[in-house]
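Me: I have a structure open and want to learn how to read it. Can you take me through the features one at a time?

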Amino acid sequence: TNSFDPQQNLMAGSRFLRSMLDQFGGNAQLALAAYNAGPAAVTSYGGVPPYAETQSYVQKVMAMAQQNSIG
């Protein structure tokens with residue numbers, strides 16, 4: 001209800017990312033692309049859209065996840 005409230009903003013973003021993971025079968029790259037560019041863009045392009053911002057976002061987040069993975 002209040003996007004300026006940090007806790008509410010974080011919870012809403014988390015719920016949206018979870019829904020994108022569910023919608024795209026657990027594919028983290030597609031979920032991140034949908035989080036950034038919208039699910040319609042991912043569906044329309046059949047993958048990560050050719051938007052420089054979205055491609056960069058997906059690469060950066062995936063790289064951070066890889067660096068921070070355990071095992």
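**Reading the helix packing**

Reply: Start with a crossing: α1 and α2 cross in a right-handed sense. A crossing is right-handed if the near helix is turned clockwise from the far one by less than a right angle, and left-handed if anticlockwise. Two cautions before going on. This is a predicted model, where local features need pLDDT of at least 70, side-chain atom pairs count only at pLDDT 80 or more, and totals for chains, interfaces and linings use all residues. Residues are numbered from 1 along each chain as its sequence is written, and side-chain values use heavy atoms, with hydrogens and water left out.

Me: At what angle do α1 and α2 pack, and how far apart are their axes?

Reply: Axes are lines fitted to C-alpha atoms, for helices over the stretch in contact, and angles run from 0 to 180 degrees between N-to-C directions. Here α1 and helix α2 (residues 28-37) pack at about 130°, with axes 8 Å apart. α1 is therefore oblique to α2. The scale is this: under 35 degrees is roughly parallel, over 145 roughly antiparallel, 65 to 115 roughly perpendicular, and the rest oblique.

Me: Which residues of α1 and α2 make the contact?

Reply: Contact means heavy atoms within 4.5 Å. From α1 come Gly13, Phe16, Leu17, Met20 and Leu21; from α2 come Ala28, Ala31, Leu32, Ala34 and Tyr35.

Me: Take Phe16. Where does Phe16 sit, and what does Phe16 touch?

Reply: Phe16 belongs to helix α1 (residues 6-23). Leaving aside neighbours within four places in sequence, Phe16 is in contact with Ala34, Tyr35 and Pro39. The C-alpha atoms of Phe16 and Ala31 are separated by 9.5 Å, and these residues lie 15 apart along the chain. Phe16 is partly exposed, at a relative accessible area of 32%. For the cut-offs, buried is under 20% relative accessible area, exposed is over 50%, and partly exposed is in between (1.4 Å probe, protein chains only).

Me: How do α2 and α4 cross?

Reply: Their axes come within 9 Å and cross at roughly 135°. α2 and α4 are therefore oblique to each other. The contact draws on Ala28, Gln29, Leu32, Ala33, Tyr35, Asn36 and Ala37 of α2, and on Glu53, Thr54, Tyr57, Val58, Val61 and Met62 of α4. α2 passes α4 in a right-handed crossing.

Me: Is Thr54 buried or exposed?

Reply: Thr54 counts as buried, at 2% relative accessibility. Thr54 is found in helix α4 (residues 52-68). Beyond neighbours within four places in sequence, Thr54 contacts Ala33, Asn36, Ala37, Val48 and Pro49.

Me: How many salt bridges does a search of the whole structure find?

Reply: Side chains of opposite charge can pair when their charged atoms come close. The test is a side-chain nitrogen of Lys or Arg within 4 Å of a carboxyl oxygen of Asp or Glu. The search finds 1 salt bridge. Asp22 and Arg18 form a salt bridge through their side chains (3.0 Å, N to O). Both residues lie in helix α1, 4 residues apart, about one turn of the helix. Asp22 counts as exposed at 53% relative accessibility, and Arg18 as partly exposed at 46%.

Me: How many helices and strands are there in the protein?

Reply: Helices (H or I, at least four residues) and strands (E, at least two) are DSSP runs, numbered from the N terminus. The protein has 4 helices and 0 strands. Of its 71 residues, 20% count as buried.
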